[in-house]
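Here's a quick briefing on ring contacts, charges over rings and sulfur links. Have the viewer open and follow along.

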Amino acid sequence: VQLQASGGGLVQAGGSLRLSCAASGRTFSSYAVGWFRQAPGKEREFVAAINWSGSSTKYADSMKGRFTISRDNAKNTVYLQMNSLKPEDTAVYYCAADRLFRAGVREYDYWGQGTLVTVSS
């Protein structure tokens, strides 16, 4: 599975962005997909994940209520809608895929290249 994240950019605090993770491969619909982020000088952390069908989702506590993960298997794409953005959300956001529906950074086998989100105060 090859993944390509896009949709990052510069936004003011309180604004919104929607990230996309486009995948290649006919078996994409059988993979769980997670979003992770890495701020400068910090470790990569879990943001959200969605199972293969879209029926189950997980979120990091600090993203609950602000971020929404969804997927369209017909388009081989997973989305991350980010609302009420804060300066501390500034990071490179990565999408990753794995056969199992998990939240651990080290548990995902396939990674995209990342897209930069910058939130100004």
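Searching the whole structure turns up five aromatic pairs, where a pair means rings of Phe, Tyr and Trp (its six-membered ring) with centres within 6.5 Å, and planes under 30 degrees apart count as stacked, over 60 as edge-to-face and the rest as tilted. Bear in mind that this is a predicted model: local features need pLDDT of at least 70 and side-chain atom pairs count only at pLDDT 80 or more, while totals for chains, interfaces and linings use all residues. Residues are numbered from 1 along each chain as its sequence is written, and side-chain values use heavy atoms, with hydrogens and water left out.

**Aromatic pairs**

- Phe36 and Tyr108 pair up edge-to-face, with 5.2 Å from centre to centre and 75° between the planes.
- Phe36 sits in strand β4 (residues 32–38) and Tyr108 in the loop between β9 (91–98) and β10 (110–111), so this pair ties together parts that are 72 residues apart in sequence. Strands here are DSSP runs (E, at least two residues), numbered from the N terminus.
- Both Phe36 and Tyr108 are buried; the cut-offs are under 20% relative accessible area for buried, over 50% for exposed, and partly exposed in between (1.4 Å probe, protein chains only).
- Tyr94 and Trp111 make an edge-to-face pair too, because their ring centres are 6.4 Å apart and their planes are at 75°.
- Tyr94 belongs to strand β9 and Trp111 to strand β10, so their pairing ties together parts that are 17 residues apart in sequence.
- Tyr94 counts as buried at 14% relative accessibility, whereas Trp111, at 28%, is partly exposed.
- Phe36, Phe46, Tyr94, Tyr108 and Trp111 form one aromatic cluster.

**Charges over rings**

- Arg44 lies over the face of Trp111, 4.9 Å from the ring centre. For this label, NZ of Lys or CZ of Arg has to be within 6 Å of the ring centre and within 35 degrees of the ring normal.
- Arg71 lies over the face of Phe28, at 4.8 Å from the ring centre.

**Disulfide**

- How many disulfides does the structure hold? There is one, going by cysteine sulfur atoms within 2.5 Å of each other.
- This disulfide joins Cys21 to Cys95, with 2.2 Å from S to S, and the link is right-handed, with 75° about the S-S bond.
- Cys21 is in strand β3 (residues 17–24) and Cys95 in strand β9, so the link ties together parts that are 74 residues apart in sequence.
- Cys21 is buried at 0% relative accessibility, and Cys95 is buried with a relative accessible area of 0%.

Definitions and conventions. Helix = DSSP H or I, 4+ residues; strand = E, 2+ residues; numbered from the N terminus.
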